[in-house]
Amino acid sequence: MVAQVDASNPTSKAVAPSLALQGTLQIVTGPDRAFSAGVIAHALRAAGQGVPVLVVQFLKGGIGQGPDSPMYLCQGLRWVRCNLQRCLDTPHLEIEEQKAMYELWKYTRRAVHSGRFGLAVLDELSLAIQFGLIPETEVVELLEQRPSYMDVILTGPEMPIALSAMADQVTELRKSAVQP
């Protein structure tokens, strides 16, 4: 899908061509938590073609991160992480960490509904759901109510069945044994 954005106006919304294709829902899953190079390459390529891209990493933290301090790559790629100093690997969070996760999820919902993005990458969303940090029902609702032109890529191991059933494409990354 191709959308046009007025780069001179930071509040402009993605404008889908009148005969635009319906946005797709893609899932990239695998046994590891590694962020797929193919997913980030897709996001960078889309941003380079003028599609506004949102990348949200739910379980990754970093100093000076969070919805109020997104990173920008290229002209049109906004990259947001949880406002934590550590990466999350357990469902047992301190109160401040729970608040940070809630704020990131709230930000993600607003950003998706805003219509500003043509592509949203929601990294490690399956683990955030598994850990009980984000309700699966809210994710399904968000995906059903997203702008019709928006492409979404979900990543993470063990994607919930309800999300896989909604997907237009599911890619499973596997480790293969090296053949001599």
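Of the 180 residues of the chain, 48% count as buried in this predicted model. The accessible surface of the chain amounts to about 9,600 Å², and 53% of that area belongs to carbon and sulfur atoms. Among the contacts in the chain with a separation of 6 or more, 73% are accounted for by residues 24 or more positions apart.

The secondary structure consists of five helices and seven strands, and these elements follow one another from the N terminus in the order β-α-β-β-β-α-β-α-α-β-α-β. The seven strands form an open sheet of mixed pairing, in which they are arranged in the order 3-4-2-5-6-1-7. Strand 3 (71–73) and strand 7 (169–172) are the edge strands of this sheet, each of them pairing on one side only, and the twist from one strand to the next averages 15°. Within the sheet, strand 5 and strand 6 are paired in the parallel sense over four bridges; Leu 122, for its part, has Leu 154 in strand 6 as its bridge partner.

Helix 1, which comprises the 12 residues 37–48, reaches 16 Å from its first C-alpha to its last, a span close to the 16 Å expected at 1.5 Å a residue. The buried residues of this helix, that is, those with under 20% relative accessible area, are Val 39, Ile 40, Ala 43, Ala 46 and Ala 47. When helix 1 is viewed down its axis, these buried residues fall within an arc of 125°, and they therefore line one face of the helix. Ala 37 and Gly 48, by contrast, are exposed on the other side of helix 1.

The elements against which the buried residues of helix 1 pack are strand 1 (25–29), strand 2 (53–57), strand 4 (77–81), strand 5 (119–123) and strand 6 (151–155). In the sheet order 3-4-2-5-6-1-7, these strands lie between the two edge strands, strand 3 and strand 7. Helix 1 is followed by Gly 50, a residue whose phi is positive, near 100°.

Conventions
Residues are numbered from 1 along each chain as its sequence is written. This is a predicted model: local features need pLDDT of at least 70, side-chain atom pairs count only at pLDDT 80 or more; totals for chains, interfaces and linings use all residues. Side-chain values use heavy atoms; hydrogens and water are left out. The expected span of a helix is 1.5 Å times one less than its number of residues. Buried means under 20% relative accessible area, exposed over 50%, partly exposed in between (1.4 Å probe, protein chains only). The arc is that of the directions from the helix axis to the C-beta atoms. Contact means heavy atoms within 4.5 Å. Two strands pair if DSSP finds at least two bridges between them. Axes are lines fitted to C-alpha atoms, for helices over the stretch in contact, and angles run from 0 to 180 degrees between N-to-C directions. Accessible areas come from the Shrake-Rupley method with a 1.4 Å probe; for residues, only the protein chains shown count as cover.
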